[in-house]
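Please look at the sequence and the model before reading the points below.

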Amino acid sequence: MSSALLIEQVLNGLQFGVMLFLMAAGLTLIFGVMGVINLAHGSLYMVGAFACAAVAAYTGSFWLGLVASLAAAAAAGAIVEVTVIRRLYSRDHLDQVLATFALILIFSEGTRWVFGSFPLYLDIPPVLQGAVSLPGGAQYQLYRLAIIAAGLVVAIGLYLLISRTRLGMRIRAGESDREMIGALGVDIASLNTIVFALGAALAGLAGALVGALQSVQVGMGEPVLILAFVVIVIGGIGSIKGALIGAILVGVVDTMGRFLLPQLLTLFMEPSQAATAGAAIASMLIYIVMAFILAVRPKGLFAVNA
Amino acid sequence: MANREKLINTALALLLPALALAAYGMGEPFYVTLATRIAILALAAAGLNLALGLGGLVSFGHAAFFGIGGYMAGIFATHAFNQTPLFTWPIEIAATDQMPVIWLVSAGVAALVALPIGLISLRTSGVYFIMITLAFAQMIYYFAISWPAYGGEDGLSITMRNGFPGVNTLDPLNYFLIAYGLLLLVLFIFTRIRDSRFGAALQAARQNEVRVASIGIRPLRIRLAAFVISAMITAVAGALFADLNRFVGPSMLSWNMSGELIVLIILGGTGRLFGPVAGAILFVLFEFALGGLTEHWQLFLGLILLGVVLFVRGGLIGLLAGKVHHG
Amino acid sequence: MAEPVLNICNLCKSFGALKATDDVSLDLYPGEIHALIGPNGAGKSTLIHQIAGTLKHNTGSIHFMGRDVSALGVSHRAQLGLGRTFQISSLTPEFSALRNVMLAVQANQGSSFRFWQPVMADASLKDRAMHMLERVGLVDRAPVPSAELSHGERRQLEIAIALALEPKAFLLDEPMAGMGPEGSKRLTGFLDTLRHEAPILLIEHDMDAVFALADRISVLVYGRIIATGTVDDIRRNPQVREAYLGESV
């Protein structure tokens, strides 16, 4: 195998990881601040993708679509928080799971009602089309590089937001002691809505960015949601740093596993068997990694309340 | 109130065979199949109810065990139909199309899978447990999709429904009676386990883990046993489900399926003996009635479910019979 | 002198910068009541948590029945014979008082993996549990869910559960709290006889009870034991008077 191919796969893994980070960061923030497990986070990802595709198709501008995805997902998140999630803070996790499961049904079927069952397609904006040459002679899709860059910018932005701003201070306070910040006069209700909308906007952004690489369709959010769960289980619930490292780990391990395992197995068996077995094992690889990490650290790599 | 629950349970227990018999008498096999579907889903949920209702273990991965049972039925049926051995190494083992054997194998395989999953996920609790069980189920789902030997993404059709000694399983009423009989048996086992020493420890661990540990009972072991038993029951239901549909595919392993099993329990009443039965009746009837009205019935199911979670706590049985009573 | 049942040696526990337990050593001999007193926030409950295993200590050792239990979990220590009550009652709320105690009897018999026989028909559990309820004076409340018991009754139930474990040592965390003067007096009499079944490490704020019961007293202030001795020693100790009673010498 050539080193160019290897570099390409590593970058694909990074791009996948960065996208997972956008999902996982929102989930982990929402859990950290509100103690709520939000299964409908994948629906917000889908909302972002549909909003971007629809607006881009209508206006012809990907960038307007991107703005629309952020706005639509944030608005959907805020509405969901105010109407449903708010009633779940004092409930057990079972009720949270069920209510947000119900939200998935509502979002998915509602979207199908509005947009139909056929997938939408979203074009890569002209500025980002084409490929760039990497050292070593590899060619790599510019758009994917842009996603990696966008994800890293968001990661830095989130870090600054949480460590440097007033809102971030309140988020940190909310994570350590909910009653206390209420007693200090912080309006918890609006803090919750803001955090939820922020998480939703990140999910919507991820959906929109990925929408240009894959088709935009109902049900696109849940497989990503479950991977984001794996990410925050590995990284430690409530930790943004854990989400970033977990996301990159999952993205790279998954991509490299699918690429390398079948080739590795050809050393032991015939090519057709190796391809089958390699693909099967690769599809389970990140879960196996998760199991190992949990066996050593049941609360994840960067547990907030270790 | 406890007596009222018994009354409701009896009514629910009689409702299903009454529905099946009436439909059969009127020459409506579709409704017999509907009743069978209810019985099988109730059976699957009864298995989960042991872990979730009694033990408080919110497993979001029970579709894994449901699907394992389904694939066992499919794999056995395929090999039996083609008269090929199940496997040839290290020894050759022939396939059978006899349901009792398939059920035992399903339960056994599910136990072997549930044991490591339980060992890892039960070391955590709360949200972690939910997400980890979901992740492991997803792992098995992707394995089924990427492993082409038994249909991969397309699933596996069961040409001939598996057999039962002395019974023609192709007759819908016979098949209903098999599923219903198994459901009653499992509900009986459920009451015995619930009222046993093990059940006491399991329910106590749900209410107060530290208390249970500080009298010298290890919650992990109790929960692991409950998780494994629960998986075995759900797997048997999965085998029945595949035989009912004469098809098994990755969708039986999907996260939606895990979610639906939880929904059944909540609709009916968490931890209640007949909660899964009430929930399965409600769910299948919603699906049937709403599905007849609009192709977007899942939207309304979602709204109803949301309403139940937010406003009707305790499910149908809780609504009708009041709170749980312990001796 | 006999071997101590419980021996704690140089125990330390920190939460961040806060030293909750600072080089604590104490022991508990057969037949004695060793009282642990100290102002609120001195780290008494934290110490009990470490002995019971719900918290892990940082350094030092805990020996119970001659065995180092430092690495063992809560349930394992309980099986070895540490019977503990909680400062804030910790019961299984849906279960009746009777079933709470029956569960402890079941745990003591070491047989929770029985899946078939109904517990309520099991005389070996029920009779024994009723006997324990009788000893703490709670028989007529047996069928009441523990969530519906009064505060004082829950304290009594805690003790019945600890009794049912037939422990080798009791760890009682403020058993008198909220009992009222009448209840405290009755409980004092009861604990006085209990010491012959197993020694008691007693945390208590009720000084009348402590002075009436304790063979020895240790005084814990800011995580450190500042004095250990008989009732008279402690009463006379100027350091204790200053630190604990707030009197200047």
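Does Glu81(A) count as buried or exposed? With 24 C-beta neighbours inside 10 Å, Glu81(A) counts as buried; a residue is buried if 20 or more other C-beta atoms, placed from the backbone, lie within 10 Å of its own, exposed if 12 or fewer, and partly exposed in between.

This is a predicted model, in which local features need pLDDT of at least 70, side-chain atom pairs count only at pLDDT 80 or more, and totals for chains, interfaces and linings use all residues. Residues are numbered from 1 along each chain as its sequence is written, while chains are lettered from A and ligands numbered from 1 in the order in which they are written.

- Glu81(A) lies in helix α3 (residues 62–83) of chain A; helices are DSSP runs of H or I with at least four residues, numbered from the N terminus.
- The C-alpha atoms of Glu81(A) and Ile194(A) are separated by 9.3 Å, although the two are 113 residues apart along the chain.

**Helix packing in chain A**
- Helix α3(A) packs against helix α8 (residues 188–211) of chain A, with the axes 7 Å apart.
- Among the residues making this contact are Glu81(A) of α3(A) and Phe196(A) of α8(A); contact requires C-beta atoms, placed from the backbone, within 7 Å.

**Chain B as a whole**
- Along its principal axes, the C-alpha trace of chain B spans about 55 × 50 × 40 Å.
- Of the 327 residues of chain B, 57% count as buried.

Methods:
Helices (H or I, at least four residues) and strands (E, at least two) are DSSP runs, numbered from the N terminus. Axes are lines fitted to C-alpha atoms, for helices over the stretch in contact, and angles run from 0 to 180 degrees between N-to-C directions. Two residues are in contact if their C-beta atoms, placed from the backbone, lie within 7 Å.
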